[in-house]
Amino acid sequence: MTHVEIAVIEGARVVREEAEALAALSASLEGDMGQAFGAAVELLAGTGGRVIVTGMGKSGHIAAKIAATLASTGTPAMFVHPGEASHGDMGMLGAGDVVLALSHTGGTSELGDVLAYCADREIPLVAITSRVDSLLGCAAHVVLQTGVEREACPINLAPMTSTTTTLALGDALAAALMRRNGFSSTDFARFHPGGKLGSRLLTAEKLMHTGDALPLTGPEILMADALVVMSEKRLGHVLAIDTTGALLGIVSDGDVRRHMGSTLMGRSVSEIMTREPLTVAPETLTSEALELMSGSVTALPVVSDVGQLLGLLHIHDCLAHT
């Protein structure tokens with residue numbers, strides 16, 4: 001057997017064993033651990049401060065990721081290194097906080113000072129560990145058990161399966177808290193204003209054309225005049241509104257081509273326009289608006305909940321920010 005064949009077999013084994021551990025964890029959540037998980041979510045949701053996530057070694061790396069996920073999804077959280085906590089950073093834990101401590105064995109000595117500090121100040125503690133009867137498990141108010149008895153590591157020493165299941169439980173907590181707190185994509189956008197992700201989370205009101213940039217006309221205006229407006233505003237559309245500013249319809253350059261003929265210029269906008277066109281609300285994400293723009297749709301009127309025209313979102317502006 002070649003080195004490549006051995007590598008493939010070993011890689012597949014690791015992924016299979018970790019997948020089996022995750023499947024067992026999912027079954028546990030839907031069974032015996034469900035009540036504990038619900039209690040953990042309520043404890044984290046009810047904090048008046050922050051969720052302090054801590055762990056040593058590889059568990060510490062997982063803890064930092066969980067803290068970042070919680071913070072980005074509406075639950076104030078931060079990672080505190082247990083070693084640093086013993087040398088002054090314990091002051092980061094305050095009244096109203098909840099500690100989420102991670103340890104596969106539950107006997108990590110570096111967590112001892114954190115556990116004592118929490119007990120002394122009555123700071124609620126949630127543990128993620130494989131051993132309920134460990135030091136960490138006994139000190140915690142709520143224990144989430146990973147159920148991992150053996151690592152996928154060939155020599156059963158390097159944390160693999162335990163960190164995978166711990167990370168999954170952290171994601172499960174974050175997702176459950178999002179559901180519980182009604183955390184929306186709009187909320188998510190507020191926490192991710194920069195980079196590629198931030199651009200996908202821009203809302204229609206941030207990119208829409210407004211005011212004098214809008215190609216506005218009345219429904220009875222002749223198409224000869226409406227085409228002048230369309231040409232001047234360079235958005236490939238004309239928006240028909242009534243005297244109150246409510247949207248009545250839209251004429252696209254595609255509509256113009258479809259109605260092209262000797263009588264077009266003498267016809268009114270109301271004869272050509274698409275009534276009740278596809279529209280979006282100002283809080284609609286541009287990524288969602290792009291999904292609506294397919295085929296011949298290249299722009300979407302942005303309207304209020306009572307039908308007032310607020311702006312026009314063009315596909316070119318959306319694509320420029322993706």
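Me: Which residues of helix H7 are called buried, and what does the word require?
Reply: Thr161, Ser162, Thr163, Thr165, Thr166, Leu169, Gly170, Leu173, Ala174 and Leu177 are the buried residues of H7. Buried stands for a relative accessible area under 20%, exposed for over 50%, and partly exposed for values in between, with a 1.4 Å probe and protein chains only. The model is predicted, with local features needing pLDDT of at least 70 and side-chain atom pairs pLDDT 80 or more, while totals for chains, interfaces and linings use all residues. Residues are numbered from 1 along each chain as its sequence is written, and side-chain values use heavy atoms, without hydrogens and water.

Me: What makes H7 a helix, and how does its span relate to the expected one?
Reply: Helices are DSSP runs of H or I with at least four residues, strands are runs of E with at least two, and both are numbered from the N terminus. H7 covers residues 161–181, 21 residues in number. The expected span is 1.5 Å times one less than the number of residues; for H7 this is 30 Å, and the distance from first to last C-alpha is close to it, at 30 Å. Glycine 182, with a positive phi near 65°, follows H7.

Me: What covers the buried residues of H7?
Reply: The cover includes helices H1 (3–29), H2 (34–45) and H3 (58–72), together with strands S3 (98–102), S4 (125–129) and S5 (142–145).

Me: Why is the crossing of H2 and H7 given its handedness, and which residues meet there?
Reply: The crossing is right-handed, a name used if the near helix is turned clockwise from the far one by less than a right angle, anticlockwise being left-handed. The angle is about 65° and the axes are 10 Å apart, the axes being lines fitted to C-alpha atoms over the stretch in contact and the angle running from 0 to 180 degrees between N-to-C directions. Contact means heavy atoms within 4.5 Å; on this basis Phe37, Ala40, Val41, Glu42, Leu44 and Ala45 of H2 meet Leu169, Ala172, Leu173, Ala176, Leu177 and Arg180 of H7. The contact residues divide into ten nonpolar, no polar and two charged.

Me: Is glutamate 151 buried or exposed, and what does its side chain reach?
Reply: Glutamate 151, in the loop between S5 and H7, has a relative accessible area of 5% and therefore counts as buried. A polar contact is a pair of N or O atoms within 3.5 Å; within protein, one must be able to donate a hydrogen and the other to accept it, and residues adjacent in sequence count only if both atoms are side-chain atoms. The side chain of glutamate 151 lies 2.8 Å from the backbone nitrogen of threonine 161 and makes a polar contact of 2.6 Å with the side chain of serine 162. Glutamate 151 and threonine 161 are ten residues apart in sequence, with their C-alpha atoms 5.0 Å apart.

Note on methods. Ala, Val, Leu, Ile, Met, Phe, Trp, Tyr, Cys and Pro count as nonpolar, Asp, Glu, Lys and Arg as charged, and the others, Gly among them, as polar.
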